[in-house]
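Please open the model in your viewer and keep the selection tool at hand. The stops below proceed from one chain to the interface and then to the partner chain.

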Amino acid sequence: MLRYIVQRVGQLVPILIGISVVTFLMLHLVPGDPVLIFAGDKPLTEARAAEIRHELGLDRPIWIQYWGYATHAVRGDLGRGLRSQRPVLDSILEVLPGTAQLTLAALALATAVGVTLGTVAALAHGSWVDTAAMALAILGVSMPVFYSSLLLILLFSFTLGWFPATGQGGLERLVMPATALGLISSAVLARLVRSGMLGVLHQEYIVTARAKGLAPRAVVLRHALKNALIPTITMLGLQLGALLGGAVVTETIFSRPGVGRLAVDAILSRDFPLVQGTVLVAAVAYVLVNLLVDISYAAVDPRIHYG
Amino acid sequence: MRLWILGFIMDRSARGRRPAAKGIQGGRHPAARVAGLLARSRSSVVGGALLVVIGLLALLAPAISPYDPIKTNQRAPLAPPSTTHPMGTDRFGRDILTRILWGGRLSLSVGVVAVGIAACAGVTLGLASGYYGRRVDTAIMRFVDLLLAFPGILLALAIIATLGSSLGNLMIAVGIAAIPEYVRITRGAVLSLMEQEFVLAARVVGCRDHAIIFRHILPNVTAPLIVLATLGIAGAIITGSALSFLGLGVRPPAPEWGNMLAEGREFLQHAWWVAFFPGLAIMLAVFSINLLGDGLRDALDPRLRA
């Protein structure tokens, strides 16, 4: 187990380097002169351009520039935002908890709904309940998060007045964004759990459990579901990526402060250090979370041996 | 068995035709077989029909739309749905039905072109990775791992941030973000095919690499790829319209479902129709493609069933 963890952490190093190369290169792949991004509104003279170029190190060879970028990034220095003039990392860390709260709430909701719907559909295999649940799941997969968000706001904020439409803080401001964000994932999970359950329900150990007179409830919950959920755990890591991406849209619609909204605002205002920083932090966070998912997966399933 | 396959392959290559069809799956042409299977699944018929209707409406937009999609009409801003404007008008008095019909041309083509980009790049990389193995495989899979390190829409977002927002860049960004799936599916399929006798036979008779890849391997990985591409168009339409919604894709006044929805968001409380109908269009298009894709998956590739 320890060897597996060490090995898995080792695999992380090239990925982290890769991510930093990509975010570093973003600036250099911008069409035109990168100096223009940093010049601001003041008229750009030749001397001023050379000065900025020198300040940012853009006049040095590219690998030296990368080395500077990477060593600063490792120490948590991602530069300063062009608009706010604050350290980029501070701006990100300030809103990171909001994004974490939203994504985790959406994941919890998606798991609860998805597992329930999938199990019910599998138990009622072939009946109208199954058909209805799966039709619902396909509809859920087809619902873009920006549309479900707007429909929720329209219904629950403007028509019924149950929840505030925007902002952050308190459960009543978390329910709608988390529901909208978790909808697609719950549909994906429902389909996965259903097929997992269908695969498991006819196995011999289930027949045995039934034959020895266990209550149907115990058979389903303790024997079938437990095994059917194993592929679902792997899917959770992937879904978390989709949710982190979806948070970009959800945070914007519900005007919640968060990494996603910060990234979009940064792109729209051409605040490049902030764009690079949010992309870097989001990717690194995602990779780390996936590492945790993989390790817990190895710990949960005794049939799997690694290393 | 081996001799029969060898004969079959030589027969095929002599006539210069693809080896995927007859012989492996029995008498009927595979397309006819798939069509038969699809026709039996009610949901994929519904999905396919709906998609054809949506596609035709978008295609015929210039001929059938009652108004001009861009020209403003100051006399009827934010008019609710009525007989003259079945879906109402937006803040500039433009007919929303008209803009949705025109918008379909942009939104749907973003989906199709992005998938085209992703599939071309992804399949090429997947074929190379699976066929040549070793260093080529390692290099390509590292590249794929790197793309996968950026969660969801974030990679497309980063590409747009770099290249700037325009229709072309939107297609490129959504396409690049979708590459990994195609590489993985193609590579997996190639790896399992490489062990099979007909590939071995093709090598023995002295086929060149590119002939083996394009004549013998590629035709046999098309089934999962068709399924992936179909479902991929649905995903690409969502990502594309999401980016436009955020103001990073197709810019107004060009009608596109995502940016129409973004405009409608401002008037949601008092003029729900401005956002409601474009969103409905996206959902119906994606829904129909998903239904069709699910049916295709069941018909073409039972292993992929989820």
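Begin by selecting chain A, whose elements run, from the N terminus on, α-α-α-α-α-α-α-α-α-α-α-α-α. The secondary structure of this chain comes to 13 helices and zero strands; helices (H or I, at least four residues) and strands (E, at least two) are DSSP runs, numbered from the N terminus. Along its principal axes the C-alpha trace of chain A spans about 85 × 55 × 30 Å.

This is a predicted model, in which local features need pLDDT of at least 70 and side-chain atom pairs count only at pLDDT 80 or more, whereas totals for chains, interfaces and linings use all residues. Residues are numbered from 1 along each chain as its sequence is written, chains are lettered from A and ligands numbered from 1 in the order in which they are written, and side-chain values use heavy atoms, with hydrogens and water left out.

**Helices α5 and α12 of chain A**

Select residues 88–123 and 259–268 of chain A, which are helix α5 and helix α12. These two helices pack at an angle of about 135°, with their axes 7 Å apart. Axes are lines fitted to C-alpha atoms, for helices over the stretch in contact, and angles run from 0 to 180 degrees between N-to-C directions. The angle makes α5(A) oblique to α12(A); angles under 35 degrees count as roughly parallel, over 145 as roughly antiparallel, 65 to 115 as roughly perpendicular and the rest as oblique.

Next, show the side chains in contact (heavy atoms within 4.5 Å). Helix α5(A) contributes Ser91(A), Ile92(A), Val95(A), Leu96(A) and Thr99(A), and α12(A) contributes Val259(A), Gly260(A) and Leu262(A). By class, this contact has five nonpolar, three polar and no charged residues. Here Ala, Val, Leu, Ile, Met, Phe, Trp, Tyr, Cys and Pro count as nonpolar, Asp, Glu, Lys and Arg as charged, and the others, Gly among them, as polar.

Then move to Ser255(A), in the loop between α11 and α12 of chain A. Ser255(A) has a positive phi of about 50° although it is not a glycine.

**A salt bridge within chain A**

Select Arg194(A) and Asp130(A), which form a salt bridge with their closest N and O atoms 2.8 Å apart. This pair links distant parts of the chain, since Arg194(A) is in helix α8 and Asp130(A) in helix α6, 64 residues apart. A salt bridge is a side-chain nitrogen of Lys or Arg within 4 Å of a carboxyl oxygen of Asp or Glu.

**The interface of chains A and B**

Now display both chains. The contact takes 43 residues from chain A and 39 residues from chain B. The two chains bury about 3700 Å² between them, 80% of it on carbon and sulfur atoms; buried area is the accessible area (1.4 Å probe) that two parts lose on being put together, summed over both. Select Phe146(A), Tyr147(A) and Leu150(A): they supply 17% of the area that chain A buries against chain B, more than any other three residues.

How many salt bridges are counted between chain A and chain B? The count is one. Arg191(A) forms a salt bridge with Asp294(B), with the closest N and O atoms 3.0 Å apart. The residues of the side of chain A that touches chain B divide into 34 nonpolar, seven polar and two charged.

**Two stops in chain B**

Select Pro252(B) and Pro253(B), which are joined by a cis peptide bond with omega about 5°. Pro253(B) is in the loop between α10 (209–245) and α11 (257–265) of chain B.

Finally, select helix α9 (residues 197–204) of chain B together with α10(B); their axes come within 11 Å and cross at roughly 170°. The two helices are therefore roughly antiparallel to each other.
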